[in-house]
4 protein chains.
Amino acid sequence: MKTDLGARYKAKRCGTDRREQLVSIAMNVIATKGFEGLRFQAVAKEAGINNATLYYHFQTKEALIQGVVAKLFAELRKTRGFPKDKPATALQELRLEFQDLRDLLRTQPKLFIVVTELSLRGLRDPAIGAMEKRRDGLWRDHLSSIIRLGIKQGVFRRSIHVGSAVTSLIAQFKGIGYHATLGARKRGEVDAAIAEIARQVERWLTCKSD
Amino acid sequence: MKTDLGARYKAKRCGTDRREQLVSIAMNVIATKGFEGLRFQAVAKEAGINNATLYYHFQTKEALIQGVVAKLFAELRKTRGFPKDKPATALQELRLEFQDLRDLLRTQPKLFIVVTELSLRGLRDPAIGAMEKRRDGLWRDHLSSIIRLGIKQGVFRRSIHVGSAVTSLIAQFKGIGYHATLGARKRGEVDAAIAEIARQVERWLTCKSD
Amino acid sequence: MKTDLGARYKAKRCGTDRREQLVSIAMNVIATKGFEGLRFQAVAKEAGINNATLYYHFQTKEALIQGVVAKLFAELRKTRGFPKDKPATALQELRLEFQDLRDLLRTQPKLFIVVTELSLRGLRDPAIGAMEKRRDGLWRDHLSSIIRLGIKQGVFRRSIHVGSAVTSLIAQFKGIGYHATLGARKRGEVDAAIAEIARQVERWLTCKSD
Amino acid sequence: MKTDLGARYKAKRCGTDRREQLVSIAMNVIATKGFEGLRFQAVAKEAGINNATLYYHFQTKEALIQGVVAKLFAELRKTRGFPKDKPATALQELRLEFQDLRDLLRTQPKLFIVVTELSLRGLRDPAIGAMEKRRDGLWRDHLSSIIRLGIKQGVFRRSIHVGSAVTSLIAQFKGIGYHATLGARKRGEVDAAIAEIARQVERWLTCKSD
DNA sequence: GATGAATGAGCATTCATTCAT
DNA sequence: AATGAATGAATGCTCATTCAT
């Protein structure tokens with residue numbers, strides 16, 4: 001991870017590269033030690049650069065954190081397959097959501113830790129709080145459109161209250177991520193629970209008897 | 001929630017009282033500023049006592065935190081009405097769980113913040129991690145017994161896989177608490193989502209068609 | 001100047017003592033190295049105490065500087081013999097002023113350095129600027145009363161414009177202090193100049209021909 | 001006084017121009033924030049050039065400061081009309097000195113701030129101290145020659161001790177500049193005091209009765 | 001001439017903790 | 001039970017300076 005410690009002046013990276021590298025490291029540190037354990041110096045050391053060099057790229061610890069937040073959001077949106085080849089039905093879309101969650105949990109479990117850290121930070125840091133709100137808003141919109149589509153397609157029942165349904169869904173998604181990352185550690189158990197909830201939600205939304 | 005507000009009212013408390021007061025203050029601080037923002041000196045100041053006096057009661061910052069953790073667990077178990085007048089059916093018990101959650105969210109929203117902080121801490125601090133595990137274990141047992149009871153009573157369907165069902169339930173409970181505290185802020189919205197999920201779970205567990 | 005470096009916990013001084021000692025040291029440092037060269041750590045080291053202990057007594061570098069300013073003003077007022085046994089005539093009072101200046105220059109030359117540093121700081125730091133203004137105001141009042149007394153006593157001529165006379169006097173006093181401390185370094189030369197200006201002022205104020 | 005304000009107008013200047021501009025900026029910074037507040041980077045930014053480019057022109061912060069000092073001396077000598085059309089009498093020359101002072105105070109008040117900063121610096125920085133001494137020496141010579149001329153011309157009295165007279169004069173000049181810049185802020189007041197001191201000095205030097 | 005990236009040394013400040021009283 | 005004074009080990013941040021391009 002370090003480059004060539006011998007030379008006094010390290011191989012210069014182009015600014016953008018460096019910034020991305022540093023943000024990446026910072027995110028790892030947060031996932032490992034939490035925001036509480038994020039030390040500016042540690043990030044610099046990990047990157048194999050000097051304390052002050054880090055300041056050259058991020059004038060503030062806060063700026064570095066902002067970088068992490070930005071990257072995190074990009075990462076999250078990437079997976080939540082917005083532009084994917086359009087799935088035909090709302091049901092398929094819904095299933096895709098659960099699948100995306102399962103994949104993300106498998107491939108980037110650290111992401112969820114950082115997300116949780118961020119949520120807590122958002123309570124105090126208004127800048128982060130705002131971004132959280134924005135993300136939740138986008139998420140709601142996306143899920144709302146799926147449900148409305150389902151109703152229009154006649155797959156979901158008419159009696160669904162879209163708002164509540166979306167809130168429930170989000171709560172459930174968050175719960176899965178939260179519990180999977182911070183609670184039970186057995187992988188299979190989590191996958192089973194995801195499947196369980198997915199079926200449960202599906203049945204609830206499609207239930208004809210209402 | 002604070003007692004000695006203004007901090008000039010130093011009627012000598014008996015040791016136990018003091019300790020409880022101090023833990024209470026610490027918990028408030030954590031809820032307000034996070035573990036990251038918990039300062040030993042701040043707790044002392046808030047309590048109107050000297051820096052060193054706090055050390056007389058808690059030999060370590062860690063000890064103070066342990067106190068908070070203990071109090072938190074007591075608080076959580078208190079509400080999850082173990083010893084209440086025995087509800088007749090498993091269904092009633094299940095409904096009670098959701099009701100307890102709603103009540104706790106209403107009366108002690110701060111609790112959920114601290115719980116989340118604790119979960120994150122539990123990832124790094126083994127002592128806390130162990131307590132988390134223990135709490136989750138108790139919770140699982142409790143929910144398992146409810147579901148088994150329901151099956152035995154013929155209210156819940158036979159095909160339920162108890163383990164997965166419990167994991168799902170816990171994930172959903174956590175998700176509700178997590179989202180309610182750190183996400184959407186409108187009370188009504190949350191209540192509606194809880195009701196929605198409760199009905200959904202109920203239908204899923206009781207669904208005869210399986 | 002240091003006490004007993006061996007022991008881990010130094011002999012505790014009572015707070016007031018310590019504070020005075022620390023302010024005194026800080027003032028010396030300023031006189032020697034200027035405000036620019038005032039390092040919190042250096043003061044602590046000179047006092048033989050730990051970095052953090054200095055912070056126990058002064059929560060801020062600024063607070064320490066405020067202490068220096070306060071001490072400085074006390075020192076200046078001390079010498080500007082307000083409460084001395086009342087001198088009979090205005091002329092005697094005036095001569096006393098020059099004499100005080102000469103004495104102060106002899107006994108506490110560092111004072112003038114610090115005063116000059118303060119004047120410059122006062123341009124930027126409003127807190128110090130205000131104290132400077134206040135000091136100049138008191139000084140003006142004092143000199144005004146002397147001159148008015150002289151006129152009333154018939155020693156000084158009537159045509160004196162008190163305001164201008166006082167401004168001139170203060171400028172001359174400051175000039176002497178300033179030049180003596182930061183310019184020519186031969187003691188005799190300065191004394192001669194003080195005497196010269198004193199006579200010159202005296203003649204100007206008493207000149208009958210106007 | 002600034003040139004490239006906004007800093008986007010980087011028409012390549014010839015070397016000397018650039019240097020002068022940079023020194024000028026540095027002097028402004030010193031006048032505004034003091035030596036203490038002089039930052040190499042800030043000067044570069046103000047000039048709209050890069051950090052490292054400033055180092056191309058001045059290899060050291062000290063070098064930049066030397067530039068400021070040099071410019072300052074040039075500025076001071078410029079006004080003290082050495083080569084002007086020769087005034088006839090010593091009295092006229094003396095009056096010219098006061099007039100020059102008044103003009104300089106009016107047109108370049110910042111100069112006096114920087115001069116004071118320099119004087120303080122001269123106490124610690126030998127290079128600057130030497131230049132200060134040299135300047136004072138030239139000044140003494142100039143004033144001495146005036147006084148001697150006056151005596152020869154029979155305008156000033158014989159009993160004058162030239163050395164003391166010069167020291168007094170310099171102290172008074174410095175005092176006026178110092179007080180005008182760092183003390184009283186009303187312009188009229190200062191002008192009156194200058195006039196007052198000028199008349200007083202004149203009378204003292206010409207007084208026949210000795 | 002000019003620039004972006006990098007560096008080391010230092011500085012004010014914080015915080016958990018200790019100890020004598 | 002309580003307190004004032006003291007401490008060491010960080011931590012975020014600044015600044016003059018350097019170097020390859």
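In chain A, 5 residues of domain 1 are in contact with 5 residues of domain 2. The model in which this contact occurs is a predicted one. The side of domain 1 of chain A that touches domain 2 of chain A comprises 4 nonpolar residues and 1 polar residue, with no charged residues. According to the domain assignment, domain 1 of chain A covers residues 15–63 and domain 2 of chain A covers residues 80–206. The centres of the two domains of chain A, taken over C-alpha atoms, are separated by 30 Å.

Within chain A, helix α1 (residues 15–33) packs against helix α2 (residues 40–47) at an angle of about 120°, and the two axes are 9 Å apart. An angle of this value makes α1(A) oblique to α2(A). The crossing in which α1(A) passes α2(A) is right-handed. On the side of α1(A), the contact is made by Q21(A), L22(A), I25(A), A26(A) and V29(A), and on the side of α2(A) by A42(A), V43(A), E46(A) and A47(A). By class, the residues of this contact between α1(A) and α2(A) are 7 nonpolar, 1 polar and 1 charged.

The contact between chains A and B was examined next. Chain B contributes 37 residues to this contact and chain A contributes 36 residues. On the side of chain B that touches chain A, at least two residues are supplied by each of α6 (109–124), α8 (162–182) and α9 (187–206) of chain B. Of the elements of chain B, α8(B) gives the most to this side, with 14 residues. The side of chain B that touches chain A divides into 15 nonpolar, 13 polar and 9 charged residues.

Two copies of a chain are related by a rotation about an axis and a shift along it. For chains B and A, a rotation of 180° with 0.0 Å of shift along its axis superposes chain B on chain A, with an RMSD of 0.2 Å. The C-alpha of G175(B) is the one in chain B nearest the axis, at 1.6 Å from it. Both copies use the same surface, as 97% of the contact residues of chain B recur in chain A.

Chain C can be laid on chain D by a turn of 180° and a shift of 0.0 Å along the axis, with an RMSD of 0.2 Å. This is the relation of a two-fold axis. In chain C, the C-alpha of G175(C) is nearest the axis, lying 1.6 Å from it. Of the interface residues of chain C, 100% are also interface residues in chain D, so the copies meet through the same surface.

In chain C, the axes of helix α8 (residues 162–182) and helix α9 (residues 187–206) come within 11 Å and cross at roughly 170°. The crossing angle makes α8(C) roughly antiparallel to α9(C), because angles over 145 degrees count as roughly antiparallel. From α8(C), the residues L169(C), Q172(C), I176(C) and A180(C) meet V190(C), A193(C), I194(C), I197(C) and V201(C) of α9(C). The contact of α8(C) with α9(C) consists of 8 nonpolar residues and 1 polar residue, with no charged residues.

In chain D, helix α8 (residues 162–182) and helix α9 (residues 187–206) have axes that come within 11 Å and cross at roughly 170°. The helix α8(D) is therefore roughly antiparallel to α9(D). The residues of α8(D) that meet α9(D) are L169(D), Q172(D), I176(D) and A180(D), and their partners in α9(D) are V190(D), A193(D), I194(D), I197(D) and V201(D). By class, the contact of α8(D) with α9(D) has 8 nonpolar residues, 1 polar residue and no charged residues.

Technical notes:
Residues numbered from 1 in each chain as written. Chains lettered and ligands numbered in written order. Predicted model: local features only at pLDDT ≥ 70, side-chain atom pairs only at ≥ 80, totals over all residues. Axes fitted to C-alpha atoms, helices over the stretch in contact; angles between N-to-C directions. Helix = DSSP H or I, 4+ residues; strand = E, 2+ residues; numbered from the N terminus. Parallel < 35°, antiparallel > 145°, perpendicular 65-115°, else oblique. Contact = placed C-beta atoms within 7 Å. Nonpolar A, V, L, I, M, F, W, Y, C, P; charged D, E, K, R; others polar. Least-squares fit on C-alpha atoms with pLDDT ≥ 70 in both. Domains from an automatic or database assignment. Left-handed = near helix turned anticlockwise from the far one by under 90°.
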